[in-house]
Amino acid sequence: MDRLDNTIRPYAWGSTTAIPRLLGTEPTGEPQAEMWMGAHPGAPSRTARGTLAEVIDADPEKELGAASVAKFGPHLPFLLKLLGAGAPLSLQVHPDLDQAKEGYADEERRGVPADAPHRNYRDANHKPELVCALTEFDGLCGFRDPLRTAELLDGLGVDSLKPYVDLLHARPEDAALREVLTAILTADPEETAHTVTEVAAACDRLGGAYAPYADIAHHYPGDPGVLAAMLLNHVRLQPGEALFLGAGVPHAYLNGLSVEIMANSDNVLRCGLTPKHVDVPELLRIVRFEAGDPGVLRPEANPDGEEVYETPTDEFRLSRYVLPAGGATHDLTLTTPQVLLCTAGSVRAGEHELSPGTSVFVPAGEKAEVAGTGTLFRATVVA
């Protein structure tokens, strides 16, 4: 079992206090957005044996297990994170596996440089993800029913929104959502900026259901993504609740601290709330124009006390143990690789004492007994 030393990424949207508060460290005044736990080449965790990527590369079958290697190849197929959002992240979607393979092959064939700002596909993998709240956590997830969105937009009293309101009333659901999003992202930038300014003022004045969008507009003045965001469901997760984000589902995280897990990929198509490249035609090809409930997940308890967040993805499986004082020791040994992360209390994992924000990598088949008082998240694969 290897204790992990993890990199914290200082993205501009990161909270300056959320991750330091969990770790019990002093804030630096700089944003601390994400702490990465895994073998992602961008920032692999460090161990006493070298980086986790180096450890796995040296003997993939020993570290990951034969079943995982056979199914996913000689790499850890997930990345676990602590995510502390102090401002909205970009509004985005991820491709499915076939779309990622096709898009990556196409850009490779056309010679688009790997680090080009206009490149959409950094790899040939999909990027399903699961976010589980540690504090109240706000996000946007999936399209709201078009008629409800029409009512929301109409209530702002902004004349330039009327064409969007009419479209949402007049057409079938998928066509309405597609046409409105297309219109928002292809409209004249100056006109859109003026509309966003009016929308921001109206959202500020009205509050209530409009308050999240007012906050987004303050962070991204004039950005067409503000209008795109208003097509989506606002969700406020309570601690322990989660959201699964599948392919083609537009989403954005707004505020709060969470545990996030995803398949190893950097493929993102952006819809707005960002200065980065927005490829509208490719985005419209990837987005699933389906309205519905965002589907808040709550964990399902096993007889041994494991609480599992069920998803349709095999690259990762996230669960947690809430360990009471004086409780029994749990044997977490598996034939698949694991990352164990403590988020509350004090938990002993093998010979390691884990405090909030600390983690270990458990190779496949290695004895993994845990005890203590606190909360422990377990990340592994379905193989």
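A salt bridge, as I use the term here, is a side-chain nitrogen of Lys or Arg within 4 Å of a carboxyl oxygen of Asp or Glu.

**Ground rules.** I am working on a predicted model, in which local features need pLDDT of at least 70 and side-chain atom pairs count only at pLDDT 80 or more, while totals for chains, interfaces and linings use all residues. Residues are numbered from 1 along each chain as its sequence is written, and side-chain values use heavy atoms, with hydrogens and water left out.

**Salt bridges.** I searched the whole structure and got 21 salt bridges. I then looked up several of them one by one.

Arg 119 and Glu 108 form a salt bridge through their side chains, with 3.0 Å from N to O. I noted that this pair links distant parts of the chain, eleven residues apart: Glu 108 sits in helix H5 (97–109), and Arg 119 in the loop between that helix and strand E8 (129–133). Helices (H or I, at least four residues) and strands (E, at least two) are DSSP runs, numbered from the N terminus. Arg 119 is buried, at a relative accessible area of 5%, whereas Glu 108 is partly exposed at 43%.

Lys 162 and Asp 166 form a salt bridge whose closest N and O atoms are 3.0 Å apart. I find both residues in helix H7 (residues 162–170), four residues apart, or about one turn of the helix. Asp 166 is partly exposed, at 37% relative accessibility.

In helix H12, Glu 282 and Arg 285 are separated by about one helical turn, because they are three residues apart. Their side chains meet in a salt bridge of 2.9 Å, N to O. I recorded Glu 282 as buried, with a relative accessible area of 15%, and Arg 285 as partly exposed, with 40%.

I also looked for linked bridges and noted a network of salt bridges that joins Asp 2, Arg 49, Lys 62 and Glu 63.

**Surface charge.** Which residues gather in a patch of negative charge on the surface? I list Asp 145, Glu 173, Asp 174 and Glu 290. Patches are made of residues with over 30% relative accessible area and no salt bridge; like charges are joined within 9 Å, and nonpolar side chains (Val, Leu, Ile, Met, Phe, Trp, Tyr) within 5 Å. Lys and Arg count as positive and Asp and Glu as negative, with His and the chain ends not counted. The place of a charge is taken as NZ of Lys, CZ of Arg, CG of Asp or CD of Glu. Accessible areas come from the Shrake-Rupley method with a 1.4 Å probe, and for residues only the protein chains shown count as cover.

I placed Asp 145 in the loop between strand E9 (137–143) and helix H6 (146–154). Asp 145 is partly exposed, with a relative accessible area of 31%.

**Record entry.** In UniProt, an unreviewed entry lists residues 3–144 as "domain: Phosphomannose isomerase type I catalytic". UniProt positions are given in the numbering used here, feature names are shortened, and annotations may be inferred rather than shown by experiment. In the model, the span of residues 3–144 is 27% helix and 24% strand, and its end C-alpha atoms lie 43 Å apart.

**Buried residues.** I checked Leu 273 for its backbone: phi is positive, about 60°, although the residue is not a glycine. Leu 273 lies in the loop between strand E13 (269–272) and helix H12 (280–286), and counts as buried at 1% relative accessibility.

Ile 261 belongs to strand E12 (residues 251–263) and is buried at 0% relative accessibility.

I looked up Val 268 in the loop between E12 and E13, where Val 268 is buried with a relative accessible area of 13%. Val 268 and Ser 258 are ten residues apart along the chain, and their C-alpha atoms are separated by 20 Å. Tyr 213, in helix H10 (residues 211–219), is buried with a relative accessible area of 2%. Tyr 213 and Cys 203 are also ten residues apart along the chain, and 6.8 Å separates their C-alpha atoms.

Key. Buried means under 20% relative accessible area, exposed over 50%, partly exposed in between (1.4 Å probe, protein chains only).
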